[in-house]
Amino acid sequence: MQVQSLEVTTGKSSEIEIADGVFGVPYNEALLHQVVVAQMAGMRSANAVQKNRAAVRGGGRKPWKQKGTGRARAGSIRSPIWRGGGRAFPGGNENYTQKVNKKMWAGAMRTVLAELLRQGRLQIIQQEDFGEPRSRLGRDWLSRAGGDDVLLVMGEVPLNLFLGLRNFPRVGIAGWQDVGPADLLQYGRVLLDVEAAARLGEVYG
């Protein structure tokens with residue numbers, strides 16, 4: 001498949017060949033939805049923890065003797081039925097991860113890349129870098145590239161480019177091996193450099 005690749009700094013474009021088996025596959029919404037949900041679930045922190053009766057402070061002394069008071073038996077004031085007691089079935093340390101097979105992941109990557117290309121939200125660019133790490137240069141570069149709300153996926157992330165763009169809240173920069181379907185869908189546009197497009201074609205083609 002022939003597409004145009006853009007050199008953002010100069011505005012020049014040229015034809016390059018990309019893998020048909022990655023960027024030309026039909027859209028599979030069900031597969032993409034399943035993999036995106038699994039990826040988002042895997043990013044949940046699951047760090048909210050409740051305390052059981054052993055973890056609540058206090059309650060070491062028996063509040064009254066076992067027999068003869070007329071009251072119900074009680075061994076601790078931190079029982080789950082007492083106010084201030086521990087939880088009988090405390091929540092915490094849940095594992096939200098969902099299993100995704102390699103073929104499913106590869107299929108979801110193919111379908112999202114192909115659909116973004118069909119929608120005009122994916123563009124191939126040449127590998128570029130800034131002369132110095134300046135946000136001013138990053139702002140000018142983004143205006144030539146079509147604005148922010150963009151994810152840059154690169155074969156190798158240039159240092160000055162990364163430092164010049166990292167302060168923009170709706171600009172993401174990542175290596176080709178670090179992105180998944182959910183990452184590609186979070187931004188309005190995706191800019192792939194030529195090396196990243198070639199590597200994605202090799203891995204998922």
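## Tour of a sheet and its helices

Start by selecting L6, which stands opposite I125 in β3. Strands here are DSSP runs of E with at least two residues, helices are runs of H or I with at least four, and both are numbered from the N terminus. This is a predicted model, in which local features need pLDDT of at least 70, side-chain atom pairs count only at pLDDT 80 or more, and totals for chains, interfaces and linings use all residues. Residues are numbered from 1 along each chain as its sequence is written, and side-chain values use heavy atoms, with hydrogens and water left out.

**Strands β1 and β3.** Keep L6 and I125 on screen. β1 and β3 pair in the parallel sense over two bridges. Pairing requires that DSSP finds at least two bridges between two strands.

Now select β1 with β2. Six bridges join them, and the strands run antiparallel. Pick Q2: its bridge partner in β2 is E17. Move on to V3, which is bridged to I16 of β2. Four residues lie between the two strands of this hairpin. Colour G11 in the turn; its phi is positive, about 80°.

Axes are lines fitted to C-alpha atoms, for helices over the stretch in contact, and angles run from 0 to 180 degrees between N-to-C directions.

**Strands β4 and β5.** Select residues 150–154, strand β4. Five bridges join β4 to β5, and the two run parallel. Look at M154: its bridge partner in β5 is G175.

**Two helices.** Next, select α2 (residues 29–42) and α3 (residues 102–118). Their axes are 9 Å apart, and the packing angle is about 115°. That makes α2 roughly perpendicular to α3 (the class covers 65 to 115 degrees; under 35 is roughly parallel, over 145 roughly antiparallel, the rest oblique).

**Zoom out.** Select domain 1 (2–44 + 97–204), then domain 2 (47–95). These bounds come from an automatic or database domain assignment. Their centres, taken over C-alpha atoms, are separated by 53 Å.
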